[in-house]
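Please have a look at it first, and then I will go through it piece by piece.

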Amino acid sequence: MKLNYRPEIDGLRAIAIFLVFFYHANILLFGGETFSFFKGGYIGVDIFFVISGYLITSIILKEYRTFSKFSFSNFYQRRVRRILPLLVLVTSISFPFAYKFLLPSDLIEFSKSAIYSLGFSSNFYFHYSGKGYGAEVSNLLPLLHTWSLSVEEQFYIIFPIFFYILYKFLRNYIIHIFIFGFILSLILAQWATFTHPHFNFYFLPTRGWEILAGSIIAYLE
């Protein structure tokens, strides 16, 4: 089931892209000594996660309320058709450039990241291989940006099953569970900021509050 076109959501996406793009453009004022103009660019990724939570929850809710059931196969097929072809295209285009410009050791790292990204688990790879986002080494990782797509895909896989259980057994408490999950994830993210910053950046449990913020808005709407 599809939702009606929402131009304001595209507007939010444009703002998010704008923030991320100019953050990576590394625009500095006053010689970069006193002010980094777009150092808050990470918020663009946060916006994308909120939008994902909102849209996916809206799609699932609409299907349940229209047909009193949910088709997992149709949902997963739509996600695969929407994401996988472009991911394969980006990965394929990156390979010739990686072969030409990267050293052999970096090319091996790139190949590993490509395999993990196609399996929607590149966030695990970049975390456990010690590749911090924004570090100098990240310039040699063309597919580093796929970590956020992997987080979203993991959400797409888990959330419909989670929602099915809630809708079947705890229908009257869905919003309460969403709010509880939001608070729990936010507390975990705040704690991990100081104790496990890489885990906090790369993984679904500490990104869940952003996604659940969108879910809460969708449910209340």
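Predicted model: local features only at pLDDT ≥ 70, side-chain atom pairs only at ≥ 80, totals over all residues.

Residues are numbered from 1 along each chain as its sequence is written, and side-chain values use heavy atoms, with hydrogens and water left out.

The chain has nine helices and two strands, where helices (H or I, at least four residues) and strands (E, at least two) are DSSP runs numbered from the N terminus. Read from the N terminus, the order of elements is α-β-β-α-α-α-α-α-α-α-α. Of the 221 residues in the chain, 40% are buried, which here means under 20% relative accessible area, with exposed meaning over 50% and partly exposed lying in between (1.4 Å probe, protein chains only). If we take contacts between residues at least 6 apart in sequence, 67% of them join residues at least 24 apart, a contact being heavy atoms within 4.5 Å.

Now to the helix contacts. Two packed helices are described by the angle between their axes and the distance between the axes; the axes are lines fitted to C-alpha atoms, for helices over the stretch in contact, and the angles run from 0 to 180 degrees between N-to-C directions.

How do the axes of helix α6 and helix α9 cross? Helix α6 (residues 146-169) and helix α9 (residues 204-220) have axes that come within 11 Å and cross at roughly 65 degrees, and α6 and α9 are therefore roughly perpendicular to each other. The cut-offs behind that wording are under 35 degrees for roughly parallel, over 145 for roughly antiparallel, 65 to 115 for roughly perpendicular, and oblique for the rest. On the α6 side the contact is made by W147, V151, Q154, F155, I158 and F159, and on the α9 side by L204, R207, I211 and S215.

Helix α6 also packs against helix α7 (residues 174-195), at an angle of about 135 degrees and with the axes 10 Å apart, so α6 and α7 are oblique to each other. Here F159, F162, F163, L166 and Y167 of α6 meet I174, I177 and F178 of α7.

Just after α2 comes S68, with a positive phi of about 60 degrees, although S68 is not a glycine. S68 is placed in the loop between α2 and α3 (72-101), and with a relative accessible area of 61% S68 is exposed.

Where is F120 placed? F120 sits in the loop between α4 (104-118) and α5 (122-128), and F120 has a positive phi of about 55 degrees although it is not a glycine. At 15% relative accessibility, F120 counts as buried.

Lastly, I15 lies in helix α1 (residues 7-24) and, at 44% relative accessibility, counts as partly exposed. The C-alpha atoms of I15 and I43 are separated by 9.8 Å, with the two residues 28 apart along the chain.
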